[in-house]
Amino acid sequence: MKRQNQSSVVEFILLGFSNFPELQEQLFGVFLVVYLGTLMGNAIIIVIISLEQSLHVPMYLFLQNLSVVDVSFSAVIMPEMLVVLSTEKTLITFAECFAQMYFLLLFGGTECFLLGAMAYDRFAAICHPLSYPMIMNKRVFMKLVMFSWVSGIMVATVQTTWVFSFPFCGPNEINHLFCETPPVLELACADTFLFEIYALTGTILIVMVPFVLILLSYIRILFAILKMPSATGRQKAFSTCASHLTSVTLFYGTASMTYLQPKSGYSPETKKVMSLSYSLLTPLLNPLIYSLRNSEMKKALMKLWRRKVDSHIF
């Protein structure tokens, strides 16, 4: 009740790319294809790993969790984005905006920590292959996965609740495609300096700490690979790490450009494009990165495909 007494805004307007109406129709088509591709690609990975017993090892179970995060992240953003692109202005209620921001932060934060856990898994497998089953046992795996999800929930709960505790007394136009923290915060009718300090500190911890741990893990992995006597062994080790490194670069590069930029560093249109790069490209490309570069995933896919064909024949 207190928030409603302070605030005259009960709904927001998502402007999207309304400044470029001629692009809306083409963008709708592109984003629809991207969304369907994201759902299909991640669903295939989830199903393959669930059905193929040989892939029930930490490396692929982490990947399965990553696909769940990516498909959920995309489902939170894309339907509303498609509605925004199909109309000139889209109304979104206070509660809907809160929910969208909450789940966006939840899945984004969880992905940061999952990528860090995946780097630790690769470090343990390559640098300590003999003791790997002890280092990355089922209990450790479950703890890392639970830590990733709980951390995402905590980040989302604190940040979203704080943002929507500010009074919103107008204007109510969000110059964005979805309810992301920076454009919503611009509409608050209060001093947000303390929150911005918290948000910057939190982002550095959530984004940069896992990134630094990933970087340190890969420095150790690189030295371990270079010491391998077999060229085949080196090639296999590089291959298992390349997919994860590509995914890390894509996610952390685009997310840091969005959340660690100066407040007035870019135009609103540029900020929208940068947000799209991590909210659309990462969930779409992760399945391609991991399936095309991973021989075990390709073998499992072919095995399941042959099994399905054989069941239809007989």
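Visitor: Hi! What does the secondary structure of the protein chain come to?
Guide: Welcome! In this predicted model, the protein chain has 11 helices and 3 strands. Going from the N terminus, the elements follow the order α-β-α-α-β-α-α-α-β-α-α-α-α-α.

Visitor: And how many residues are in the protein chain, and what percentage of them is buried?
Guide: The protein chain has 314 residues, and 48% of them are buried.

Visitor: Where is the kink in H2 centred?
Guide: On leucine 27, where H2 has a kink of about 30°.

Visitor: Which residues of H2 are buried?
Guide: Among them are Gln24, Phe31, Val34, Tyr35 and Thr38. Further along H2, the buried residues include Gly41, Asn42, Ile45, Ile48 and Ile49.

Visitor: What about H3, how far does it reach?
Guide: Helix H3 runs over residues 58-86, with 29 residues, and reaches 42 Å from its first C-alpha to its last. That is close to the 42 Å expected at 1.5 Å a residue.

Visitor: Where does the kink in H3 lie?
Guide: At alanine 75, shortly before proline 79, and the kink is about 30°.

Visitor: Is H3 mostly covered or mostly open?
Guide: Mostly covered: 23 of the 29 residues in H3 are buried.

Visitor: New topic: how many aromatic pairs does the structure hold?
Guide: There are 16 aromatic pairs. Take tyrosine 102 and phenylalanine 103: their ring centres are 5.3 Å apart and their planes are at 85°, so this pair is edge-to-face.

Visitor: Are those two buried or exposed?
Guide: Tyrosine 102 is buried, with a relative accessible area of 18%, while phenylalanine 103 is partly exposed at 35%.

Visitor: Why is the pair of phenylalanine 195 and tyrosine 198 called tilted?
Guide: The ring centres of phenylalanine 195 and tyrosine 198 are 5.6 Å apart with planes at 55°, so the pair counts as tilted. The two residues sit 3 residues apart in helix H8, about one helical turn. Phenylalanine 195 is buried, with a relative accessible area of 1%, whereas tyrosine 198 is partly exposed at 23%.

Visitor: Which residues form one aromatic cluster?
Guide: Phe12, Phe94, Phe98, Phe164 and Phe168 do.

Visitor: Back to H8. What does it give to the nonpolar patch?
Guide: Helix H8, residues 193-226, gives the largest share of the nonpolar patch, 10 residues. The patch lies on the surface, with about 1000 Å² of accessible area together, and its members include Leu205, Val209, Leu215, Phe223 and Phe238.

Visitor: Is leucine 215 buried, partly exposed or exposed?
Guide: Leucine 215 lies in helix H8 and is partly exposed, with a relative accessible area of 47%.

Visitor: And valine 207, buried or exposed?
Guide: Valine 207 lies in helix H8 too, and it counts as buried because its relative accessibility is 8%, under the 20% cut-off.

Visitor: Last one: how far apart are valine 207 and cysteine 112, in sequence and in space?
Guide: They are 95 residues apart in sequence and 6.3 Å apart in space, C-alpha to C-alpha.

Note on methods
Residues are numbered from 1 along each chain as its sequence is written. This is a predicted model: local features need pLDDT of at least 70, side-chain atom pairs count only at pLDDT 80 or more; totals for chains, interfaces and linings use all residues. Side-chain values use heavy atoms; hydrogens and water are left out. Patches are made of residues with over 30% relative accessible area and no salt bridge: like charges are joined within 9 Å, nonpolar side chains (Val, Leu, Ile, Met, Phe, Trp, Tyr) within 5 Å. Accessible areas come from the Shrake-Rupley method with a 1.4 Å probe; for residues, only the protein chains shown count as cover. A salt bridge is a side-chain nitrogen of Lys or Arg within 4 Å of a carboxyl oxygen of Asp or Glu. Helices (H or I, at least four residues) and strands (E, at least two) are DSSP runs, numbered from the N terminus. Buried means under 20% relative accessible area, exposed over 50%, partly exposed in between (1.4 Å probe, protein chains only). Rings of Phe, Tyr and Trp (its six-membered ring) pair if their centres lie within 6.5 Å; planes under 30 degrees apart count as stacked, over 60 as edge-to-face and the rest as tilted. The expected span of a helix is 1.5 Å times one less than its number of residues. The bend at a residue is the angle between axes fitted to the seven residues ending there and the seven starting there.
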